[in-house]
Amino acid sequence: MNDTTQPAPFVGDRAELEHVRYFRTATGSVGEVAESAPGISSLPADAVEITVEEYRRVRHGLEASTEQLLADLEAADGERMRGDYEALLAAGIPAGTASRLTGYTAPEG
């Protein structure tokens, strides 16, 4: 390699890439393509190009929805564990064993 030849950018090294295109697919998901020059990469067949602002808005909404879903699943799991724990107690299983079996820790008091 001589002094005038630059190495190709490392894939994923955004500092070396000059252009980012944002898109939305027919399913509503969003993505981005980083290119060393505009138009080098093709977007998925069902995708339409969108602005960075729309990309950020949709992405933020999807992240918020995911966080809420996880919180709801954790709450439902906690209720399931508590119900199983209480059923074991009602069946005469000692609290310590019921806790280990269900993963539920009863509040102290």
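Arg24 stands opposite Val48 in strand β3, where two strands count as paired if DSSP finds at least two bridges between them. The model is a predicted one, in which local features need pLDDT of at least 70 and side-chain atom pairs count only at pLDDT 80 or more, whereas totals for chains, interfaces and linings use all residues. Residues are numbered from 1 along each chain as its sequence is written, and side-chain values use heavy atoms, with hydrogens and water left out.

The chain contains 2 helices and 3 strands, arranged along the sequence as β-β-β-α-α. Helices (H or I, at least four residues) and strands (E, at least two) are DSSP runs, numbered from the N terminus. Of the 109 residues in the chain, 16% are buried; buried means under 20% relative accessible area, exposed over 50%, and partly exposed in between, with a 1.4 Å probe and protein chains only. Among contacts with a separation of 6 or more, 27% are between residues 24 or more positions apart, a contact being defined by heavy atoms within 4.5 Å.

The 3 strands form an open sheet in the order β2-β1-β3, with antiparallel pairing. Strands β2 and β3 stand at the edges with a single partner strand each, so one side of each has no neighbour in the sheet. On average, neighbouring strands of this sheet are turned by 40° against each other, direction ignored. Axes are lines fitted to C-alpha atoms, for helices over the stretch in contact, and angles run from 0 to 180 degrees between N-to-C directions.

Strand β1 (residues 19-24) runs antiparallel to strand β2 (residues 30-35), and the two are joined by 6 bridges. In this pairing, Tyr22 has Glu32 of β2 as its bridge partner, and Arg24 stands opposite Val30. The hairpin of β1 and β2 has 5 residues between the strands, and in it Gly28 takes a positive phi near 100°.

Gly31 is found in β2 and counts as buried because its relative accessibility is 12%. Beyond residues up to four places away in sequence, Gly31 touches Arg21, Tyr22, Phe23 and Tyr55. The C-alpha atoms of Gly31 and Ile50 are separated by 9.6 Å, the two residues being 19 residues apart along the chain. Ala47 is placed in the loop between β2 and β3 and is also buried, with a relative accessible area of 16%. With neighbours within four places in sequence left aside, the contacts of Ala47 are Phe23, Arg24 and Thr25. Between Ala47 and Thr25, which are 22 residues apart in sequence, the C-alpha to C-alpha distance is 4.2 Å.

Helix α1 lies across β1, β2 and β3 and runs at about 135° to β2. Two packed helices are described by the angle between their axes and the distance between the axes. Helix α1 (residues 52-90) packs against helix α2 (residues 95-102) at an angle of about 145°, with the axes 9 Å apart. The crossing of α1 and α2 is right-handed; a crossing is left-handed if the near helix is turned anticlockwise from the far one by less than a right angle, and right-handed if clockwise. On the α1 side the contact is made by Met81, Asp84, Tyr85, Leu88 and Leu89, and on the α2 side by Ala95, Ala98, Ser99, Leu101 and Thr102. By class, this contact of α1 with α2 has 7 nonpolar, 2 polar and 1 charged residues. Ala, Val, Leu, Ile, Met, Phe, Trp, Tyr, Cys and Pro count as nonpolar, Asp, Glu, Lys and Arg as charged, and the others, Gly among them, as polar.

Met81 lies in α1 and, apart from its neighbours within four places in sequence, is in contact with Thr102, Gly103 and Tyr104. The C-alpha atoms of Met81 and Thr102 are separated by 5.5 Å, although the residues are 21 residues apart along the chain.
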